[in-house]
Amino acid sequence: MITLYHCDAARSFRPLWMLEEMGLPYELKMLPFPPRVFAKEYLALNPLGTIPFMVDGETRMTESSGICHYLGVVYGPTPLMVGPEDPAYGAFLNWMYFSDATLTFPQTLVLRYTQLEPEERRNPQVATDYAKWFLGRLRAVEAATANTEALCAGRFTAADIVIGYALRLAENIGLAKDFGPGVAAYWARLQQRDGFKRAVAAEQSAGLEQNVAPRVRA
């Protein structure tokens with residue numbers, strides 16, 4: 001049984017969504033955010049104290065997009081993956097890496113300096129600068145989705161899951177108001193997927209069952 005450690009609305013939503021899209025059985029363990037502060041016993045499992053943390057037999061993983069890739073390869077075949085024989089393979093891999101390295105990184109700084117730091121350490125200038133960084137990098141998604149339903153390969157793939165989470169985070173921290181028309185329409189489509197809705201429902205129900213309150217969002 002796959003076990004996924006997750007915080008409400010955290011980047012561990014990527015593998016949760018992937019699990020739901022693939023219909024794989026899993027156990028979802030909810031933690032308060034950030035767990036390294038509010039669930040110190042978790043450090044015995046994941047010394048980084050980060051989310052996600054996935055356990056699958058002897059496999060241990062901490063990188064959200066990497067977990068999605070792992071699930072697609074190990075538990076496939078699935079149309080969520082794009083193979084090396086496909087002309088879209090390079091674009092697929094690029095989006096998988098772009099999702100965290102380019103999009104989510106600046107968002108974490110916006111979140112930190114508007115919500116997570118103590119009041120006296122919050123920094124509107126840092127938050128504004130990195131919000132602009134994120135929105136500038138989002139131009140690639142705007143261009144890619146201007147005339148197509150999905151990012152690559154002519155269908156919904158794991159690339160849409162990992163990029164879609166960055167859009168969810170943007171909405172939670174108040175940046176969605178600045179989405180271009182292509183990104184806004186793309187994000188609306190993603191939220192209509194049954195797999196996305198199931199992942200949100202699983203997140204909410206597990207939080208209630210395990211008595212872990214959701215994060216306060218912007």
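Tutor: We begin with helix 1, where 10 of the 10 residues are buried, so helix 1 is largely enclosed by the rest of the structure. Keep in mind that this is a predicted model.

Student: Which residues are buried in helix 1?

Tutor: The buried residues of helix 1 include F13, W17 and M18, but also R14, E20 and E21. After helix 1 comes G23, with a positive phi near 70°.

Student: How should I read a helix in terms of its sides?

Tutor: An α-helix has 3.6 residues a turn, so residues three or four places apart point the same way. Take helix 8, residues 181–191: its buried residues are G182, V183, Y186, W187 and L190. Those residues lie on the same side of helix 8 because they cover an arc of only 125° around the axis.

Student: What covers the buried residues of helix 8?

Tutor: The cover includes helix 1 (13–22), helix 6 (139–145), helix 7 (158–172) and helix 9 (194–209).

Student: What is the idea behind a nonpolar core?

Tutor: In soluble globular proteins, nonpolar side chains tend to be buried together. Here the largest nonpolar core has 59 residues, and M18, L71, V141 and I163 touch the most other members. Helix 7 supplies the largest share of this core, 10 residues. Apart from it lies another core of nine residues, among them Y5, A39, Y42 and I51.

Student: Which residues is L71 in contact with, leaving aside neighbours within four places in sequence?

Tutor: L71 is in contact with I2, P15, M18, L19, M22, L24, M54 and G76.

Student: Is L103 buried or exposed?

Tutor: L103, which has its place in helix 4, counts as buried because its relative accessibility is 0%. Not counting residues up to four places away in sequence, L103 touches F98, F134, R137, L138, V141, I163 and A166. The C-alpha atoms of L103 and W133 are separated by 8.7 Å, with the two residues 30 apart along the chain.

Student: And P87, is that residue buried or exposed?

Tutor: P87 has 82% relative accessibility, so P87 counts as exposed. P87 lies in the loop between helix 3 (64–74) and helix 4. From P87 to E142 the C-alpha distance is 21 Å, across 55 residues in sequence.

Student: How does one find empty space?

Tutor: Rolling a probe the size of a water molecule over the atoms shows where empty space is left. In this model the largest pocket has a volume of about 560 Å³. Of the 25 residues that line the largest pocket, R11, F33, R36, T108 and L116 are the closest to its centre.

Student: Which helix gives the most to the lining of the largest pocket?

Tutor: Helix 4 does, with six residues. Helix 2 (35–38), helix 4 (89–116) and helix 7 each supply at least two residues of this lining. By residue class, the lining of the largest pocket has 12 nonpolar, six polar and seven charged residues.

Student: How many cavities of 30 Å³ or more are there?

Tutor: The count comes to one cavity of 30 Å³ or more, and the largest cavity has a volume of about 30 Å³. The largest cavity is lined by C7, D8, M30, L31, F33, V212, A213, P214 and R215. Seven residues of that lining are nonpolar, none are polar and two are charged.

Notes:
Residues are numbered from 1 along each chain as its sequence is written. This is a predicted model: local features need pLDDT of at least 70, side-chain atom pairs count only at pLDDT 80 or more; totals for chains, interfaces and linings use all residues. Side-chain values use heavy atoms; hydrogens and water are left out. On a 1 Å grid over the protein atoms alone, a cavity is a set of points where a 1.4 Å probe fits but cannot get out, and a pocket is an open set with protein on both sides within 12 Å along at least five of seven lines; lining residues have an atom within 4 Å of a point. Grid points are joined across faces, edges and corners, and a volume is the space filled by probe spheres set on the points. Ala, Val, Leu, Ile, Met, Phe, Trp, Tyr, Cys and Pro count as nonpolar, Asp, Glu, Lys and Arg as charged, and the others, Gly among them, as polar. Buried means under 20% relative accessible area, exposed over 50%, partly exposed in between (1.4 Å probe, protein chains only). Helices (H or I, at least four residues) and strands (E, at least two) are DSSP runs, numbered from the N terminus. The arc is that of the directions from the helix axis to the C-beta atoms. Contact means heavy atoms within 4.5 Å. A nonpolar core is a set of buried Ala, Val, Leu, Ile, Met, Phe, Trp, Tyr and Cys residues joined through side-chain atoms within 4.5 Å.
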